[in-house]
Amino acid sequence: MRHLDVVGSKGRLKLPRFRLTKVVFWCVLSIPLALLINDIRVELASPTLGLGADPEDAIVDHLGFWSIRMLWFTLFISSLSRIARKPILIQFRRMAGLWTFAMVCLHVTSYVLLLARVDVMVILDDFTERPYIIAGLTALCSLVPLAVTSTRGWRRKLRQNWNRLHRLIYVAAIAAWIHLFWLERATLEESAIYGSILVLLFAERIVNTIRTRKRKRSVSRVA
C-alpha cells in the first residue's frame, strides 16, 4: 500500500498515522460528553449520586462550561500552530470547532428541555430577566455560519471571504465570556480565569497581525 503524505512546514506525516491521530483527537474531544453520559447513567441507577441534588442544572452547567472550554481550545490550536511553527496543527482546528458547536447546541437544547420545559413563556421571561441568555444566544448564532462553512468546498467558494466570515469566532468568544460573567452560578474567580485566557489568546493574534503586516511592508519595499 502506497503511503500518501500530509505535508507540514517541518516535515511529513504519513497519511495513515495522521488519520489515526485525528481519531485519537476525536476520542479526546468526546471525553466530556462521555463523562456526562456516565453521570446520567449513575443518576438513573442511584438518584443524586451522579448529578447531585439538581440534576437538570448539573447537565446544563456541564455542557455550558465545556462549550466555553472547547471554544477556547479551538482558538488555542491556531495560536499554538503559529507559536510552534506547526501549520499542520490547523488540521485539527476544524474538528475542535465542530465539537464546540455540538456542545453549544446540546447546552441550549438541555436548557430548553430541562430548565424551560419547552415553555415559550418561560423562555421569553428568561430573555428579559436573565440577559446572559441573550449573550449565549449571540454566541450560538455566531457559530452557526462557521459550522456550515467549515468544509473545504465552502472555503474554495468563499476564498478570502472565508477568513473574514470565520472572524465571527471572536464575536462568539466574547459573547460566551459575557454569558459566563453574567451567569448566576459562575463565580467571579471562574470568570476572571476564563477572561484572562481569552485576553492572552487575543493578544497573540494582535501581535501576529502586527508582525505579518510589518513583514509584508518589508517585502514590498524590497520589491
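Predicted model: local features only at pLDDT ≥ 70, side-chain atom pairs only at ≥ 80, totals over all residues.
**Buried charges, nonpolar cores and a surface patch**

Glu204 counts as buried because its relative accessibility is 15%, under the 20% limit. Glu204 also forms a salt bridge with Arg82, where the closest N and O atoms are 2.8 Å apart. This second pair links distant parts of the chain, since Glu204 lies in helix α10 and Arg82 in helix α3, 122 residues apart. Arg82, with a relative accessible area of 31%, is partly exposed. Through shared partners, the salt bridges join Arg82, Glu204 and Arg205 into one network.

The structure holds four salt bridges. Another of them pairs Arg117 with Glu56, and here the closest N and O atoms are 3.6 Å apart. Distant parts of the chain are again linked: Arg117 sits in the loop between α4 and α5 (120-129), Glu56 in helix α3, and 61 residues separate them. Arg117 counts as exposed because its relative accessibility is 54%, whereas Glu56 is partly exposed at 27%. In general, side chains of opposite charge can pair when their charged atoms come close.

Turning to the nonpolar residues, the largest core has 26 members, of which Leu71 and Trp72 touch the most other members. Helices α3 (55-83), α4 (93-115), α6 (132-148), α9 (168-182) and α10 (188-222) each supply at least two residues of this core. Beyond its neighbours within four places in sequence, Leu71 is in contact with Thr100, Leu143, Ile169, Ala172, Ala173 and Ala176. A second, separate core comprises 16 residues, including Leu29, Ile59, Leu63 and Trp99.

Two or more of its residues come from each of α1 (15-29) and α2, and α1 gives the most, with four. Ile31 belongs to helix α2 (residues 31-45), and Leu35 is found in helix α2 as well. Ile31 counts as partly exposed because its relative accessibility is 43%; Leu35, at 46%, is also partly exposed. Along the chain, Ile31 and Val207 are 176 residues apart, and their C-alpha atoms are separated by 33 Å.

Note on methods
Residues numbered from 1 in each chain as written. Heavy atoms only, no water. Buried < 20%, exposed > 50% of the residue type's maximum accessible area, 1.4 Å probe, protein only. Core = buried A, V, L, I, M, F, W, Y, C linked by side-chain atoms within 4.5 Å. Contact = heavy atoms within 4.5 Å. Salt bridge = Lys/Arg side-chain N within 4 Å of Asp/Glu carboxyl O.
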